[in-house]
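Have the structure open as you read.

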Amino acid sequence: MNGRQWVDGGLLAVASAAIGLCLVDIWWVLAAIAAAFLAGRRMERARSALVVLTGMVVGGVAAAVLVPEWMVPGTSFVSLTVCAGMGPWMVGRFWRQSQELVRAGWERAERLEREQQLVAEQARLRERARIAQDMHDALGHDLSLIALRAGALKLAPDLAPPHREAAQEIRAGVAAAVERLGEVIGILRDERDEAAARPADTGIPPLVEEAVAAGLDVRLTVTGEPGGLPRAAEHAAFRVVQEALTNAAKHAPRAPVTVRLAYTADGARIRVANGPSPTGLPAALPGGGGRGLIGLAERVRLAGGTFGHGARAADGGFEVSAYLPGSGAGVDACAEPAPAPATVSPARELHRARRRVGRMMAAVVLVPLVTALVLTAVLRGWTIYTTGRAVLDPADYASLRVGQDRAAVQRFLPERQFPYHPSEENPPPPGEGVTCEYYAITAEPFNNDRSGDAYRLCFQGDVLISLDALIS
């Protein structure tokens, strides 16, 4: 047991002792509340405190039920345990959990901020790659045309030698500019994204021909007339086939692959399927946790289409499918949706955290209240039961006389004595060996006139020496 556990145990002991001392002096309730609150605020685990508090409640109930003389102090002890022990402890526990929730919220906010910075940095890098590709396509093409025209100008037969020399300088300068542009593009562009940045203008059939030339067993089937797709959809279709063929070549190079393109009036459907891998793995299983397929799904979604992938149960192969709408066409609602990556919504987490705080707040209020009500009902019921067995009938009381021996009196007395002793204005008769017994006048709990009143019978030895009705 470390130092913190010793302190927590000491606080529980102080709270328990203070609750017991409240039966002697009610001012000890302040110490009990403070110790219970601090224990609830400090303790990491609630088991030990719940065991102690439950034991105190059970002990108080047992004392009130089993020992008639302890009914009043036992009931008071249970009430103090619930109100001055359990209630403050749960308030301290709620305080601790709310502070932990706030701290966890700040930590999560900082983590989300860092993640947003990383996402922004990745977006910036991707934008640099796109800018580099645009510069390469646009400026490189324009500069090449300038160099071509300068070369044609140089070869003009009627051009003066100074102009011919100037044309040569222009051509050389443009060639140097193209070379420097290539160097700048190399700095801006991530070489890992070079294949991904390949333009879709080359078309899917040449892509399949390249895969066949590399040794992949690919069969292409095209139905319908291509055309009518937006540029984003064309590029997405190209990337779907490219990624599927790349994964098939990587994971099952000897598995047959079929590529089906179906062009319709409302768009294009793409299916790339392959047979089982000799190694037993799906031929198109992506590396890196499926980031390639997730990226394809996002690209197809941005183009207005739907994307799906999965293993085929028939032969153990793998299939990638996509639907890309044409210009003005809607999304195919029947197409298989793309699997969304498992993410945690901050709004949902905040909602759950608020629900936990709400449940804890309700528990702080309801648990002590319900416990007090249940225990009060149990003890009240027990009091009514025991009082009912301690009622001395008024007619039997009227037949008793001072001076009778105990044997004559005993046949009129109930089996139990009244555990509650009302205030006595007249003290019992003095004398050596005097004992007094108390019996209830009525067992009706709602009889305000007689409830709580008792008969007092005092004996000296075995002789009845006094009869009194104690009215509260």
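Q: Why is Leu 366 called partly exposed?
A: This is a predicted model, and in it Leu 366 has 46% relative accessibility. Buried would need under 20% and exposed over 50%, so 46% puts Leu 366 in between, as partly exposed. You'll find Leu 366 in helix H9, residues 346-388.

Q: What makes Leu 366, Val 370, Val 374 and Val 378 a patch on the surface?
A: Patch members need over 30% relative accessible area, with nonpolar side chains joined within 5 Å. Leu 366, at 46%, clears that cut-off. Together the four residues have about 320 Å² of accessible area.

Q: Why are the buried residues of H6 said to line one face of the helix?
A: The buried ones are Ile 204, Leu 207, Val 208 and Ala 211. Looking down the axis of H6, they fall within an arc of 100°, so they line one face. Glu 209 and Ala 213, both exposed, sit on the face turned away from that buried side.

Q: Which residues touch the most other members of the largest nonpolar core?
A: Leu 245 and Phe 307 do, in a core of 33 residues. Helices H6, H7 and H8 are among the elements that each supply at least two residues, and H7 gives the most, with nine.

Q: What does Leu 245 touch, leaving out residues up to four places away in sequence?
A: Its contacts are Leu 207, Val 208, Ala 211, Leu 216, Val 218, Val 257 and Val 259.

Key. Residues numbered from 1 in each chain as written. Predicted model: local features only at pLDDT ≥ 70, side-chain atom pairs only at ≥ 80, totals over all residues. Heavy atoms only, no water. Patch = residues over 30% accessible without salt bridge, like charges linked within 9 Å, V, L, I, M, F, W, Y side chains within 5 Å. Areas by Shrake-Rupley, 256 points an atom, 1.4 Å probe, with all protein chains shown as cover. Salt bridge = Lys/Arg side-chain N within 4 Å of Asp/Glu carboxyl O. Helix = DSSP H or I, 4+ residues; strand = E, 2+ residues; numbered from the N terminus. Buried < 20%, exposed > 50% of the residue type's maximum accessible area, 1.4 Å probe, protein only. Core = buried A, V, L, I, M, F, W, Y, C linked by side-chain atoms within 4.5 Å. Contact = heavy atoms within 4.5 Å. Arc of directions from axis to C-beta.
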